[in-house]
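Student: Hi! Could you walk me through this structure? I'm new to it.
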Amino acid sequence: MPETFELVILTPDKRFLSARAQEVTFGTEEGRLGVMAGHMPVVAAVTEGTLEILVDGVWKTAAVGRGFADIGGELAEFFVDTAEWSEDIDVARARDALQRAELRMKSELSRIEYVRTKAAIARALARLKAAQGDKP
């Protein structure tokens, strides 16, 4: 069996996942980061997007919101705003949310409305990307 590490994903309202994982990849402001057992310690900002997880030889995909990851050799903890498995995503609802946010972006927005709308677009795109399926 390949080496594993403890992976914990927490949102403000629940423990989304606690499992022994072989690998996890996620987005940061600098690009995608991959983690395997024994990874050097690092704290990284997590961007909205997909989180791919390899558990028992099977890839699973989740859409996640912003947050941070605290990674050590045998433990990787993710603290994110939201987390949703790809198979639980309502694609039609995500597309509608994206269209609404894109329309809002074309109107005159305050700075706060702009930031919120930009986040809504990123969230909808993350959900749609995750819904495309699990990593091969």
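**Salt bridges and other contacts**

Tutor: Happy to! Glutamate 48 and arginine 66 bring their side chains together in a salt bridge, at 3.3 Å from N to O. Here a salt bridge is a side-chain nitrogen of Lys or Arg within 4 Å of a carboxyl oxygen of Asp or Glu.

Student: Where do glutamate 48 and arginine 66 lie?

Tutor: Glutamate 48 is in the loop between β5 (42-46) and β6 (49-55), and arginine 66 is in the loop between β7 (58-64) and β8, so the pair ties together parts that are 18 residues apart in sequence. Strands are DSSP runs (E, at least two residues), helices are runs of H or I with at least four, and both are numbered from the N terminus.

Student: Before we go on, what kind of model is this?

Tutor: This is a predicted model, where local features need pLDDT of at least 70, side-chain atom pairs count only at pLDDT 80 or more, and totals for chains, interfaces and linings use all residues. Residues are numbered from 1 along each chain as its sequence is written, and side-chain values use heavy atoms, with hydrogens and water left out.

Student: Got it. How exposed is arginine 66?

Tutor: Arginine 66 has a relative accessible area of 37%, so it is partly exposed. Buried means under 20% relative accessible area, exposed means over 50%, and partly exposed is in between (1.4 Å probe, protein chains only).

Student: Why would two side chains pair up like that?

Tutor: Side chains of opposite charge can pair when their charged atoms come close.

Student: How many salt bridges are there?

Tutor: The count comes to six salt bridges. One of them joins the side chains of arginine 20 and glutamate 74, at 3.9 Å from N to O. That pair links distant parts of the chain, with arginine 20 in strand β2 (residues 14-21) and glutamate 74 in the loop between β8 and β9, 54 residues apart.

Student: What about lysine 60? What does it pair with?

Tutor: Lysine 60 forms a salt bridge with glutamate 87, and their closest N and O atoms are 2.8 Å apart. Glutamate 87 sits in the loop between β10 (83-85) and α1, while lysine 60 sits in strand β7, so the pair ties together parts that are 27 residues apart in sequence. Glutamate 87 is partly exposed at 48% relative accessibility, and lysine 60 is partly exposed at 26%.

Student: Which residues are joined into one network by shared partners?

Tutor: Salt bridges that share partners join Glu6, Arg20 and Glu74 into one network.

Student: New topic: how many aromatic pairs are there?

Tutor: There are three aromatic pairs. Among them, phenylalanine 26 and phenylalanine 78 pair edge-to-face, at 4.9 Å centre to centre with 85° between the planes. The rule is that rings of Phe, Tyr and Trp (its six-membered ring) pair if their centres lie within 6.5 Å; planes under 30 degrees apart count as stacked, over 60 as edge-to-face and the rest as tilted.

Student: Which strands do phenylalanine 26 and phenylalanine 78 lie in?

Tutor: Phenylalanine 26 is in strand β3 (residues 23-28) and phenylalanine 78 is in strand β9 (residues 75-80), so the pair ties together parts that are 52 residues apart in sequence. Phenylalanine 26 is buried, with a relative accessible area of 0%, and phenylalanine 78 is buried at 0% too.

Student: And which residue does phenylalanine 68 pair with?

Tutor: Phenylalanine 68 pairs with phenylalanine 79, and that pair is stacked: 4.9 Å centre to centre, 25° between the planes. Phenylalanine 68 lies in strand β8 (residues 67-71) and phenylalanine 79 in strand β9, so the pair ties together parts 11 residues apart in sequence. Phenylalanine 68 is partly exposed at 40%, and phenylalanine 79 is partly exposed at 28%.

Student: One more spot: where is leucine 17?

Tutor: Leucine 17 is in strand β2, and it is buried, with a relative accessible area of 15%. Leucine 17 and alanine 62 are 45 residues apart in sequence and 10 Å apart in space, C-alpha to C-alpha.
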